[in-house]
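Please keep the sequence and the structure in view while reading.

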Amino acid sequence: MADEAPFQFLHNEVIQYISKSAEKGETENGRNITKLENMGFRVGQGLIERLTKDTSRFKDELDIMKFICKDFWTCVFKKQIDNLRTNHQGIYVLQDNKFRLLSQLSAGKQHLEHAPKYLSFTCGLVRGALSNLGVKSIVTAEVSVMPACKFQVMIQKM
């Protein structure tokens, strides 16, 4: 648990730094969210490489998603995903009912507009991990009630 606080602190500091550059007019908000996602993408690539070095090959994409929900999520957020759903056609929904990076924000609806910048790094994290496992994807996040959130992973068929 000791390594959880520095990660959350670093995440918050990166978001504040990027948000302040938007306020100064250096970049627009959409570019900032893309920056955060790209940071997460690179971290996800490196992390999954370390996590899977002693793991046997995955049978299919469902196995990969189960690994992301259990082992990968536990490594990053110290808990498993609460719910994984799929339509068996390349769309997966990962639900975290108490997402750690949103838990510092108030549970009210007044902070919902700030949620995308807190979730973009994690979207990139998942996309980068999947990319390094040979799965091209689009990852989006949705928050309806804080601190619960859903990450939708759409697998891109090559």
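Helix 3, residues 61-77, bends by about 35° at Ile-68. The bend at a residue is the angle between two fitted axes, one for the seven residues ending there and one for the seven starting there. Helices (H or I, at least four residues) and strands (E, at least two) are DSSP runs, numbered from the N terminus.

The model is predicted: local features need pLDDT of at least 70, side-chain atom pairs count only at pLDDT 80 or more, and totals for chains, interfaces and linings use all residues. Residues are numbered from 1 along each chain as its sequence is written, and side-chain values use heavy atoms, with hydrogens and water left out.

Which residues of helix 3 are buried? They are Ile-64, Met-65, Phe-67, Ile-68, Cys-69, Phe-72, Trp-73, Val-76 and Phe-77. Here buried means under 20% relative accessible area, exposed means over 50%, and partly exposed lies in between (1.4 Å probe, protein chains only). An α-helix has 3.6 residues a turn, so residues three or four places apart point the same way. Just after helix 3, Lys-78 has a positive phi of about 65°.

The protein has four helices and four strands. Read from the N terminus, the order of elements is α-α-α-β-β-α-β-β. Of the 158 residues in the protein, 37% are buried. The protein exposes about 9,200 Å², and carbon and sulfur atoms supply 51% of that area. Accessible areas come from the Shrake-Rupley method with a 1.4 Å probe; for residues, only the protein chains shown count as cover. Among contacts (heavy atoms within 4.5 Å) between residues at least 6 apart in sequence, 59% join residues at least 24 apart.

Helix 4 covers residues 115-132 and contains Ser-120. Ser-120 is buried, with a relative accessible area of 5%. Leaving aside residues up to four places away in sequence, Ser-120 touches Ile-33, Leu-36 and Glu-37.

Side chains of opposite charge can pair when their charged atoms come close. A salt bridge is a side-chain nitrogen of Lys or Arg within 4 Å of a carboxyl oxygen of Asp or Glu. How many salt bridges does a search of the whole structure find? The search finds four, and the table gives some of them.

| Pair | Closest N to O distance |
|---|---|
| Asp-82 and Lys-79 | 3.1 Å |
| Asp-96 and Lys-79 | 2.7 Å |

Lys-157 is exposed at 60% relative accessibility, and Glu-61 is partly exposed at 23%.

The salt bridge of Asp-96 and Lys-79 also links distant parts of the chain, 17 residues apart: Asp-96 is in strand 2 (residues 91-96), and Lys-79 is in the loop between helix 3 and strand 1 (83-86). Asp-96 counts as buried at 0% relative accessibility. Through shared partners, salt bridges join Lys-79, Asp-82 and Asp-96 into one network.
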